[in-house]
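Thanks for making time, everyone. I have one structure to walk through today.

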2 protein chains.
Amino acid sequence: MQSFRSLVQQFEQRVSAPDLFPVHPQNLYDPCRYLLSLGGKRIRPVVCLMAHELFAPIKEEAWNAALAIELFHNFTLIHDDIMDKAPLRRGFPTIHAKYGLTAGILGGDAMSIYAYQALSRVTTNFREVLDVFNTTAIQVCDGQQMDMDFESRNDVSSEEYIEMISLKTSVLLAASLKIGALVAGADTQAAEALYAFGKHLGIAFQLQDDYLDAFGTSKIGKQVGGDILANKKTYLHIQAVDHAASTQLASIEAWQDRHDAPEQKVTAMLDIFRDTQADEKCREAVAYYSGKAFEKLSEVSIPEDKKANLHSLAKDLLYREQ
Amino acid sequence: MQSFRSLVQQFEQRVSAPDLFPVHPQNLYDPCRYLLSLGGKRIRPVVCLMAHELFAPIKEEAWNAALAIELFHNFTLIHDDIMDKAPLRRGFPTIHAKYGLTAGILGGDAMSIYAYQALSRVTTNFREVLDVFNTTAIQVCDGQQMDMDFESRNDVSSEEYIEMISLKTSVLLAASLKIGALVAGADTQAAEALYAFGKHLGIAFQLQDDYLDAFGTSKIGKQVGGDILANKKTYLHIQAVDHAASTQLASIEAWQDRHDAPEQKVTAMLDIFRDTQADEKCREAVAYYSGKAFEKLSEVSIPEDKKANLHSLAKDLLYREQ
């Protein structure tokens, strides 16, 4: 079994290959190359490869499936950044900020089609792989729309929030694992168990992300309390509103509209998160979904020692400090 | 053989089926339904079906291929309209104008994935069909980028212009025919001949469009001379610049910057088009590509009477007055 680090390095070479896109039209493909050169954790393509390696040595078509997943993921990032009006991605200007709106829209479009083209080089279980990919791609769009809709709503429930993060982020992680397994010729039961592992892991990861944004130690390039300042309806926020007394609710509403005292706003909201036990609820939810994830991983009917890499990657993702 | 009109009507029912998209998230799928309800000529899906019928009765998978093509086409329209800042499409507000930028970007994205999902219901020659679809989709993006690039260039050659319209519009018409034939189980030679027919027909059609925009009788809802007023570098414009004497060139350049006298601008530019024989060059090019198209259609090795529908559709497209 190859390590996460080694797979990332090998994948990085493929995703930065100069012939991944044509040279012309340059105004279309330079932005695509630029975004992919900014790196990223490459978690999705690498878990695809790791899932594949549970059942068979990594072959060319597995690399293509992994590439398809990473291209698709980057396509969604490009378009999400436009919708979110985000100036930065991975610490560098986003495509639309650097090259303009046209480059962002068309570059994303082209990247999504190149994702399908890479996927088309898969042969083993191709129809199933394509079905998973299509279904997942639609779910990611649905999740993004829900996320946008939530911005203007004040009545989002925890269940709706979990559904949104599940669609927007978890299903692609889940599909990466499932596709890796299918391309290796794994049976349906194993592929499904890996999918469920990834889906629960993704939800736990996102909830942990919400928690760390508020209570984590400071990260390089990411502000602690950033979600609070952006008035994001995170799991913490939703839980706080759900369990707030009327005075706390009034306080939350008052802070929503204030942008003049960022430090005080973060401190006040963190206090409310603690007082309403939203922090504890969030930690419990992380534990619940993590537990589910590891349960599903144990159901994959292959020797436990083969799963060590995936197991430790999941732990790294969940038990990080920042 | 079914008539164009009858196929349009049957296709219209499928493309307006209430369950084509899910109900939720409504802010994602309402805009998609809206755009498809505005109609359009449905030429691409219907020629796909007509090409199919040359070789076999139309079956369910052919309808799905046709649907995939129309969804893909509409996805490109949605995103092109954003890039072109177009307020209207088919006489009604564009998606981004009516529902906002997010709806335009995400609605287009979702529609492109639904296109792939519809295509995935094809079984006959599926790998070939998917390859044609992917290649074509990338070419359409390349063509759109070239079109955008041309806006800020003054040295576009006729050859580049033909390449751009070929990529941006003709290859999808060509692919529609080829995919229809492949899904019917046609042999490669026939499918390729139909592709070449569609490609030349598409180029002839676009050049004819350029010509009619300047010299056609007035169209409902479309201004004669609209391309001139928008300073579009059409085939007429490029030919005029190529063959202009220095005084004519100076006149063209002077008119480019003037927006105060639209009627005089159109009249002056039409005179220049005539004086430089750009009009004749354009008609010659239409005749050349039309001739090529019909030549290719005659190469499709099936009885000529079976091709009557496609033949007459091509004539209708080329010999229209407006």
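Start inside one chain. Domain 1 of chain A and domain 2 of chain A bury about 1,300 Å² between them. Carbon and sulfur atoms account for 72% of that area. Before going further, a caution: this is a predicted model.

Which residues lose the most area on the domain 1 side? They are A:Met50, A:Leu54 and A:Phe55. Together they make up 40% of what domain 1 of chain A buries against domain 2 of chain A.

Where do the domains run? Domain 1 of chain A covers 1-156, and domain 2 of chain A covers 187-322. Their C-alpha centres lie 24 Å apart. The contact draws 17 residues from domain 1 of chain A and 13 residues from domain 2 of chain A.

Now the charged and polar side of this boundary. How many salt bridges does the rule find between domain 1 of chain A and domain 2 of chain A? The count is 0. Polar contacts do turn up there: 4 residue pairs, with both residues at pLDDT 80 or more.

Two elements of chain A each give two or more residues to the domain 1 side: helix H3 (43-53) and helix H7 (126-151). H3(A) gives the most, with 4 residues. By class, that side of domain 1 of chain A has 10 nonpolar, 5 polar and 2 charged residues.

Let's stay with chain A for one specific pair. Side chains of opposite charge can pair when their charged atoms come close. Here, A:Lys168 and A:Asp147 form a salt bridge, at 2.7 Å from N to O. A:Lys168 belongs to helix H8 (residues 158-183) of chain A, and A:Asp147 to helix H7 of chain A. The two residues are 21 residues apart, so this pair links distant parts of the chain. Over all chains, the structure holds 30 salt bridges.

Next, step out to the two chains. What rotation superposes chain B on chain A? A rotation of 180 degrees does, with 0.0 Å of shift along its axis, and the RMSD is 0.1 Å. That is how a two-fold axis relates two copies. Both copies use the same surface: 100% of the contact residues of chain B recur in chain A.

How much is buried between the chains? Chain B and chain A bury about 3,300 Å² between them, with 67% of it from carbon and sulfur atoms. Three residues supply 18% of the area that chain B buries against chain A: B:Ile113, B:Arg127 and B:Gln145.

In contact terms, 37 residues of chain B meet 37 residues of chain A. Across this interface the rule finds 0 salt bridges. It does find 12 residue pairs in polar contact, both residues at pLDDT 80 or more.

Which helices of chain B each supply at least two residues of the side that touches chain A? There are helix H2 (26-37), helix H4 (60-83), helix H6 (101-119) and helix H7 (126-151). H7(B) gives the most to that side, with 14 residues. The chain B side that touches chain A divides into 22 nonpolar, 10 polar and 5 charged residues.

To wrap up, here are the two boundaries again. Between domain 1 of chain A and domain 2 of chain A, the rule finds 0 salt bridges. Between chain B and chain A, the rule finds 0 salt bridges. Happy to take questions.

Methods. Residues are numbered from 1 along each chain as its sequence is written. Chains are lettered from A and ligands numbered from 1 in the order in which they are written. This is a predicted model: local features need pLDDT of at least 70, side-chain atom pairs count only at pLDDT 80 or more; totals for chains, interfaces and linings use all residues. Side-chain values use heavy atoms; hydrogens and water are left out. Copies are superposed by least squares on the C-alpha atoms of residues with pLDDT of at least 70 in both. Contact means heavy atoms within 4.5 Å. Buried area is the accessible area (1.4 Å probe) that two parts lose on being put together, summed over both. A salt bridge is a side-chain nitrogen of Lys or Arg within 4 Å of a carboxyl oxygen of Asp or Glu. A polar contact is a pair of N or O atoms within 3.5 Å; within protein, one must be able to donate a hydrogen and the other to accept it, and residues adjacent in sequence count only if both atoms are side-chain atoms. Ala, Val, Leu, Ile, Met, Phe, Trp, Tyr, Cys and Pro count as nonpolar, Asp, Glu, Lys and Arg as charged, and the others, Gly among them, as polar. Domain bounds come from an automatic or database domain assignment.
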